[in-house]
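Subject: Structure handover and findings

Dear colleague,

Please find below the structure that I am handing over to you, together with its sequence.

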Amino acid sequence: MNNRLPLLEEVLKYHKEKNLILSMPGNKSGIGFLKDDIGKEFVSTMGYLDITEVGNLDNFHHPEGVIKEAQELLANLYKADKAYFLVNGSSSGNMASIFSAFNEGDEVLVERNCHKSIYNGLILRKLKPVYIEANIDLDNGILLPCSEKNIEDALIKAKDPRGIILTSPNYYGISCDLEKILRKLKANGVKILIDAAHGAHYGINKKLPESMVRLAHYVVLSAHKTLPALTQGAYLLVNDIYSNVEFFISAFNTTSPSYLIMSSLDYARYYLENYGDSDYDSLIDLAEVYKNQINSLDKVIILSQDDIEGNYKLDKSRYIMTLPVGYSGNKLLEYLLENKIQSEMSFSRGVVLILSPFNTREDFEKIYQAIMFLDIETLKDEEKNIGYVNLEKIKRLEPFEVHNARFEEVEINHAAGRISKDFIVPYPPGIPLVLPGEEITEDVVKAIRWYQGKCISILGIYYNRIKVIKNI
């Protein structure tokens with residue numbers, strides 16, 4: 001008999017380490033449910049609440065009772081026409097939105113470095129994307145969302161765009177003011193879809209960026225990323241009342257929905273409505289005080305809005321902690337974890353920390369102490385400073401055409417002129433150099449060699465070989 005429980009044992013081990021969770025989920029491993037008596041009852045009885053659609057518990061795929069009421073309360077909070085719970089994460093919301101908004105063959109504008117679920121939707125719905133170029137802040141080593149100019153440039157290339165799919169905010173908690181151009185596009189009948197996975201808390205307090213719900217037809221929010229909700233719990237907000245989105249929500253979500261996830265989504269909405277404004281007000285005040293104290297140590301810099309040029313907005317409930325050129329963000333992540341501080345992610349020269357109203361002054365003091373005792377020289381890493389090579393892109397096939405095409409592998413030096421089967425993505429910076437269906441030009445080959453010379457890993461390169469479409 002094998003008595004091993006490898007996954008469960010490792011999860012329990014991690015829990016016993018008692019790390020300060022400055023990553024997802026937004027419930028901070030259960031702490032977020034301890035705000036009041038009903039939250040405490042939920043978390044203390046969670047193992048006994050795993051139930052299916054019985055009695056008065058309503059039907060996720062045809063809500064007429066308590067689920068319907070909970071979703072109406074959600075729509076009211078975000079001021080959307082309709083709101084829906086998602087139990088398969090934001091990915092299911094992105095898929096449902098794409099299938100509801102567009103028909104096969106439609107041309108859509110899409111950010112070049114969007115989430116994988118968006119690309120999956122483009123392929124499955126057989127859409128024709130026109131890519132919106134990505135931006136990078138080389139001074140701080142971070143990716144920026146697309147700007148109004150990026151969208152205008154993509155519109156020039158487009159023939160008959162039926163929609164636009166944006167990511168706002170991005171993983172760093174950065175968004176761009178796009179209200180003017182989105183209103184214009186909306187007035188011209190362009191469907192607007194926003195993957196706002198990291199912005200479920202936006203708009204609840206004046207110190208946070210505004211919510212973009214009113215500007216879009218479909219907005220997806222990962223409640224589990226920043227709110228007291230369980231992992232996989234998300235919201236889909238819809239201002240497209242004549243759509244058939246409910247069919248696609250059912251199609252892309254399980255027929256055995258988790259009442260634990262749905263109950264946590266109900267609690268997350270309740271939390272925002274009752275406590276969100278005051279709690280985020282207090283959090284941001286505390287975060288700003290400690291940001292200044294940490295920056296005064298002259299070891300790392302937590303970015304402020306003034307540190308980024310352009311019409312961008314930063315989420316003050318998130319720390320973008322950066323290092324000088326020549327120092328490693330991944331090594332900083334590892335150092336913080338050694339000090340029992342779990343970061344959300346690392347990038348070339350820093351880490352991202354997701355703060356929450358459930359973080360105490362003691363938590364911030366722990367971050368401060370860790371940086372105070374940091375020997376920054378241990379984080380040196382000269383070989384992986386971020387670089388960005390922006391080349392002309394030539395799309396030869398649509399993503400859905402590439403999906404079923406036969407392919408072969410060729411050496412990098414023999415790939416020029418061929419069509420890429422895969423994404424080719426140097427990380428950092430994490431922006432696709434080539435997308436499926438785009439031509440691998442001589443300049444692309446040179447860029448790949450440049451990144452390799454910097455010892456930067458490149459997704460889509462397999463032992464110095466690239467997958468390309470066969471016989472084209």
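This is a predicted model, in which local features need pLDDT of at least 70 and side-chain atom pairs count only at pLDDT 80 or more, while totals for chains, interfaces and linings use all residues. Residues are numbered from 1 along each chain as its sequence is written, and side-chain values use heavy atoms, with hydrogens and water left out.

Overall architecture

The protein contains 14 helices and 24 strands; helices (H or I, at least four residues) and strands (E, at least two) are DSSP runs, numbered from the N terminus. Its radius of gyration is 23 Å, close to the 23 Å that the globule rule gives for 472 residues, so the protein is as compact as a globular protein of that length. That radius is taken over C-alpha atoms, and the rule is 2.2 Å times the number of residues to the power 0.38. Taken along the principal axes, the C-alpha atoms fill a box of roughly 65 × 60 × 60 Å.

Of the 472 residues, 56% count as buried. Here buried means under 20% relative accessible area, exposed means over 50%, and partly exposed lies in between (1.4 Å probe, protein chains only). Contact means heavy atoms within 4.5 Å. Among contacts between residues at least 6 apart in sequence, 72% join residues at least 24 apart.

The protein exposes about 21800 Å², of which carbon and sulfur atoms supply 51%; the areas come from the Shrake-Rupley method with a 1.4 Å probe, and for residues only the protein chains shown count as cover. There are 53 positive and 64 negative side chains, and the centres of the two sets lie 4 Å apart. Lys and Arg count as positive and Asp and Glu as negative, with His and the chain ends not counted; each charge is placed at NZ of Lys, CZ of Arg, CG of Asp or CD of Glu.

Annotated region

An unreviewed UniProt entry places the feature "domain: Orn/Lys/Arg decarboxylase C-terminal" at residues 403-449. UniProt positions are given in the numbering used here, feature names are shortened, and annotations may be inferred rather than shown by experiment. Over residues 403-449 the chain is 19% helix and 26% strand, and the end C-alpha atoms are 26 Å apart.

Backbone geometry

Most residues other than glycine have a negative phi, and most peptide bonds are trans.

- The peptide bond from M24 to P25 is cis, with omega near 0°. P25 belongs to the loop between β1 (20-22) and α2 (37-44).
- S168 and P169 are likewise joined by a cis peptide bond, with omega about 5°. P169 is in the loop between β7 (161-167) and β8 (174-176).
- K340 has a positive phi, near 60°, and sits in the loop between α11 (329-338) and β15 (341-343). With a relative accessibility of 36%, K340 counts as partly exposed.
- Y463 also has a positive phi, near 50°, and is located in the loop between β23 (461-462) and β24 (465-469). With a relative accessibility of 83%, Y463 counts as exposed.

Individual residues and their contacts

The C-alpha atoms of I294 and M321, 27 residues apart in sequence, are 9.8 Å apart in space.

G329 lies in helix α11 and is buried, at 0% relative accessibility. G329 and L379 are 50 residues apart along the chain, and their C-alpha atoms are separated by 7.9 Å.

N113 lies in the loop between β3 (107-111) and α5 (116-124). Its relative accessibility is 24%, so N113 counts as partly exposed. The C-alpha atoms of N113 and I136, 23 residues apart along the chain, are separated by 11 Å.
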